[in-house]
Structure formats: structure tokens, C-alpha cells
Amino acid sequence: MSSIDTQTDQETAAKLKSLELVQRPEHSLTGRFIYWIGVIFALAHIYFNTLSTISELWVSAIHFGGFAMLCALMVPAIRSNTMAGRRVALLLDVLLGCAAVACALYLIGFEDALYARGVKFDNLDWVFSLCAIFIALEMARRTTGWFIPCLILFALTYVFWWGQYVDGIFGFPGLSLETLLYRSYFSSEGMFGQIARISWTFVFMFILFGAFLVKSGAGDFIIELSRCAAGRMVGGPGFVAVLGSGLMGSVSGSSVANTVSTGVITIPLMQKAGFPARFAAGVEAAASTGGQLMPPVMGAGAFIMASYTQIPYVQVISVAALPALLYFLSVGFFVRVEAMRSRAQAVELDSRPIGEVFRDGWHYLLPLVVLVCLLIYGFTPTYAAGISIISVVVASWLSKHPMGLKDIFDALAQGSKNMATTSMLLIAVGLVVNVVAMTGIGNTFSLMVAEWAGGSLLITILLVALASLVLGMGLPVTAAYIVLATLSAPALYNLIAEMQLIGMMVDGTLPEMARTIFLLVDADKAALLAEPMSKIDAQQLLALVPGDFKGQLMEQAIDPTRLAMILLAAHMIIFWLSQDSNVTPPVCLTAFAAAAIAKTPPMATGFTAWKIAKGLYIVPLLFAYTNFIGGTTAEVLTIFFFSVFGIYALVGFMEGYLESPLNPLLRLVSGAAGMLMLWPHGEWLISSLGLLVFLALFIYSRYNQKEEDGVTITAG
């Protein structure tokens, strides 16, 4: 290797290192202490999630104390180049970690004493509750920057201080600081509430499961399998990026980690095949972002959605599977188009047959099979993950490199270290969620969004998309989803349900029980519900129903199962839109990580990734306006089928290219065909017409491409 190549690799490594948190060396004394704390804490969490009967509040406190200690030791508060400075920083971090543990132990030891005093704070209650909140803020600052701590302080001070000075709908009379601290620290509603419970149950167990899979060698197998499966196709390295990132993302649930782990292989391969460097980086960033959408982990989103909606986790991930596949296909279409335009060459990625690769590594898939079977059988996700972790170890004994005791300890420690920053983020965001619940500001915000949108579902989705982008500049996607779901999910849910009601009124199929509510509003106009009406009349009649009665009307008119799916659709829309900050400038860490590997301008790479990730905006519209979520099997498969070709047609419109260049007229035809297939008209004949037009255009484009190749060969 030349000195220039070595220097370039060092520059790439330095760029990637700049995107990571500054952490203490693993081989130092502190690093070894972190290692063993991680092992012990991982084992403790396995016990909490399988055999323990300890109070959930106490486990949440232990979860906070232990991971705050781990995070304080892993991520120093002060950066220093001198030995004395590093020792001072370590001392401060140790003291802060010990204070976090003390806060957890105080809650466990003195909770009963507080209630014995009639929930009246004494001096120590004030000290430890304030200390716990300060530590949560500091850990969030270290791991994600200043945005989250400032947001939390903004929310907390609103409750006991400045909310009473706000006029209008956002005015709040205020609560005492003592009440705020009690509900934030001692109760099961604040930092040790629902979000913390999700953190130490579902999220930790699946992150640990992913750490075991990676340690066993499953990650390498996924990349090898992807290279064999897609490598020999035209533009194969691009498809390897899409397939490999999708499979890795289903395990890791982290888009940046996904980009770094798979991108160092796929981006150079794409460049070697002839793809432009910026496009190669954009594909990897977009595909890695899709890893957050791929079950079973979904970047912790699946667990939070299941908790918020009270819909079983298995049902959430089963509903999320086809949309995730649709997203990866959309990225693949961009790869195909660019491969044809750039005349990307086939690259020999792996000379072995795919059967041989699968035969050597089939056992890596056994833990995933065990996980799915246990979930279908009815085990809770935490139990299923715990047993699946054991199955990873057992399955590794079928490989050439079976996991030994050291490998198991390494996986336990790595799982805890991977979880440290996530747990601190979730616990800190729990404080904001608690404020929203205490003040009722979530309902106020939903009403305000509905008012701004004028009752338009599309404008509401655009507002949520804008809010998600703004929040995503300072919040990780999981935190952005939690905040947005808390604030705007009710508005989306109501609008989608109202759209269903209007459809029933237009068709004249509103149930008899639901019509009685209209009798209370306007008996004369209620008589019109017995037969079909125009959409405008239906909207005007529904607008007469007071807000307090609309919830009852929905329950009377719409099947409970369908209402649950509407709620899930609202959360899915928000969750998908929350991912756009990964690939949308000016702050898009996933695209920046890919740019560091490809050595391309970060901002330009971000715009390329944003274009390729258009599925993030198209699929949520399908959630809102079709039965893609919660429809019958036939409905879902039909929507999926036409959407695949519809998105391909839109890619042709955006790129001006399919198998060969499209002139402006054919480009418009491609866009029109895509809209015919994607538009929620509910007429399969119209969708079929759009499909026929697109297939004809594709065949024509393919014919032109062969003609061009023939001319090139003849000229040569």
C-alpha cells in the first residue's frame, strides 16, 4: 500500500472518529472496570427481565444508577491532554457516577418514609431529587449535546415558573417545585416511568441480543451473503449496500453504526464498480437509515409504539415488515437507475456460490428463527430475547469459531456499553413526556396543529414532517419520535379516523348507533345519513358534531380493531418522518459518516442521501390515505404491489432515466403512471392502467438501451 493510500485511510478514520463520542481507552484501568461493570449489569438486566419480581420503579432506578455510572466513566466530562487533567476529570466522573448510584439507592430505601410523611419533602428528598435530575441532564448533554438538556429545562421550568405568565391556550397555572420533583423522581410517571421501563426491558434485551449476534460472527455472514446474493447483478455493490444494511439494521437498530460497519465495505465496492462517490455514500446512508425501519428492533421504535398504542409487539413488527421492504426497494430502484446511467460494471465480490456461503453460516439464522417462533407462540419480547441470546451461543457451537466464556463476557460488556448512551437519553426524555402529561399540553398542541392545518390531513402530515426535521437537528431519532408522538399523534389519529367516518357517510354505510349522535346535533340533517351523500355534505355534517362527542362517534362507527390500526398508522407516520433527520441537511450524521468513508463533501452527500431516501415521505402517505396498515391481507398486498411499481415510476420521473434516458415528455408520463398507482383512489383498474403504461415505458426504455449498446459496439 502506498503512503498516499495510508494517509487517506488515516484521514477517513479521523473523520469517522470525529463523529463518535470521546471515550476513555478500553485497555486502561478505567476501561477494564467499565468492562466488568458492563458484564455484571447485563447479567442483572437478564435477571430483571426473566426471573425478578422487584418493583418496576426500583428496577428503573437501578437501571438509571448503573448506566449513569457507566456513562460517566465511558464519556469524560472534561477533555484534557495532560495526565493531571485526565485524573481530575476521572475523579469528577467517579463522584458523579457514585452520586447516580446513591440517587437510585435513596429512592429504594426511603420511598416508604416519604409516603409515611404524607408525601412531604424533607431536606434529603430535595437534595436527591434535584441531584437525580441534574445527572440525567448532564448525561444527556455528554451523549447528545446541549439540545436535550435545554429542552428539559424549558419544560420543567414551564411547570413551576413561567407557564403562569403565558397568555392564551398555552397558559398553565403552575405546580409547586415540590410536586414537580415528586412526580419527576419518586413517582412512576417521570424519569423512572414508562420510557425508562421500555429502556430496561425491550430496548436493552434486544440491544444485548444484537451484541451477541455480532460477536458470534453473524454480521460478517450477513455481508458475505449479501455480496453473493447481489454482487453479480448490474450495479451489484449498490444492492449489497441495500441488502446488507437492511439485514444489519434489523439487528443493530442504529443508522450511524450501520453506516460505519457496512459502509467501509460497500462504498469502496460501489466506487470500484463505477458509481459516483457521492451517490455511493448517499445509497449507504439511505439504506442504513432504513435499518431503523426494519423489524425486529426498529431503533427501539417498535417497543415504544407497542407501549404507546397497547398493540402487541408482534403485531407492530408484522405490520412494519412490508413498508420496510418497500422502502428498501425504493432505494434499490435508485441504484438500478444509476447503475444503468453510469454503466456500472459487475465486480467479482465473492467467487463462492451462494449455497456454499449459506451452508457455512446457516446456523447464524437460527437465533432469529427462535426469536420469531417464540414471539408467535406468545412469549413476551423480553423472554423471547433472553432465550434467543442463549440460542446465539448454542448456534455458534455449530460454527468454526464457537463462542467461549470470554466471547460471552465480551458480548455482555459490549451490549451494556451500547446501551449506556441510549438509556440516558430515554430516561432524560421521560422528564419531557412527564411534563406533557402533567400539563395537558399534548392535547393543546394537537388542537393547535389541527387548527393550523384547517382539518387537512395532508397539511398536518407536512407540519409533523417539518417539526420532525427541526427536532431531529438536536434530538436523536428515537427521542424525536417520542416527543412528536406525545404531542401530535392524537391529532393525526383524529384526522385519519374522521376521514374513515366521512367515507362511511359518503357511502351511506354509517352504523345505526352512530347516527343517533347526529340526531342530537341536527335531527333534520341526520336523516340524510340513511343514503349516500357528497363528500362536502359529509364534511359539513361532521363539522357540526362537538369535539367531546367525536370520540364517542368514532367508537360507535368504527370497529375497535380498525381504530387500533388507525392509532398505529398515526404513530408509524410520525416514526417514519422522524428518520428524515438522518439524511436531511444541515444535520444528518448518517450521511456525514458515509461522506467520511467516500471522501465526498458532507453537505452535498446529505442532499444526495435525502433524494434517495424519498420513500421516507411516500410510504407515510400510504399509511394515512390507504389501508396499508390494518387492511385485509388482499388489500395490503394489492397496495404493496402497485406501490412497488409506482415508486419505481416516480424514480424514473425524478431521475429522467430508466434503462435509458427519458425525454421530458416520457419523464412526465413516468410520473403520471406512478401517481396513478400510488394515488389513494381505491380503483384497481386505474392502478392497473398506470402499471401498463409504466411497463410499456420500461420496455421501450430497455429497447433503446439495447439499441445504444448495439451502436456503441458497432462503432467500436
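**Notebook: core, pocket and rings**

I began with the largest nonpolar core, which has 222 residues. Phe64, Phe518 and Met572 are the ones with the most contacts inside it. I remind myself that this is a predicted model.

Next I picked phenylalanine 518 and looked up its partners, leaving aside neighbours within four places in sequence. Phenylalanine 518 is in contact with Met505, Leu510, Ala523, Ala526, Leu529, Leu541, Leu542, Val545 and Leu553.

Then I turned to empty space. Rolling a probe the size of a water molecule over the atoms shows where such space is left. The second largest pocket holds about 1800 Å³. I found 46 residues lining this pocket, with Met499, Ala624, Tyr625, Thr626 and Pro680 nearest its centre. Which kinds of residues make up the lining: nonpolar, polar or charged? I noted 26 nonpolar, 12 polar and eight charged. Several helices supply at least two residues each to this lining, among them H21 (477–507), H29 (615–625) and H32 (684–715).

My last stop was the aromatic rings, where the count comes to 35 pairs. In one of them, phenylalanine 202 and phenylalanine 303 have ring centres 5.5 Å apart and planes at 15°, so I wrote the pair down as stacked. Phenylalanine 202 sits in helix H8 (residues 194–216) and phenylalanine 303 in helix H13 (residues 301–309), so the pair ties together parts 101 residues apart in sequence. Are the two partners buried or partly exposed? Phenylalanine 202 is partly exposed, at 21% relative accessible area, while phenylalanine 303 is buried, at 1%.

I also spotted a cluster linked by ring pairs: Phe333, Phe641, Phe642, Phe645, Tyr648, Phe694 and Phe698.

Methods: Residues numbered from 1 in each chain as written. Predicted model: local features only at pLDDT ≥ 70, side-chain atom pairs only at ≥ 80, totals over all residues. Heavy atoms only, no water. Core = buried A, V, L, I, M, F, W, Y, C linked by side-chain atoms within 4.5 Å. Buried < 20%, exposed > 50% of the residue type's maximum accessible area, 1.4 Å probe, protein only. Contact = heavy atoms within 4.5 Å. 1 Å grid on protein atoms, 1.4 Å probe; cavity = no way out; pocket = protein on both sides within 12 Å on 5 of 7 lines; lining within 4 Å. Points joined across faces, edges and corners; volume = space filled by probe spheres on them. Helix = DSSP H or I, 4+ residues; strand = E, 2+ residues; numbered from the N terminus. Nonpolar A, V, L, I, M, F, W, Y, C, P; charged D, E, K, R; others polar. Phe/Tyr/Trp six-rings, centres within 6.5 Å; stacked < 30°, edge-to-face > 60°.
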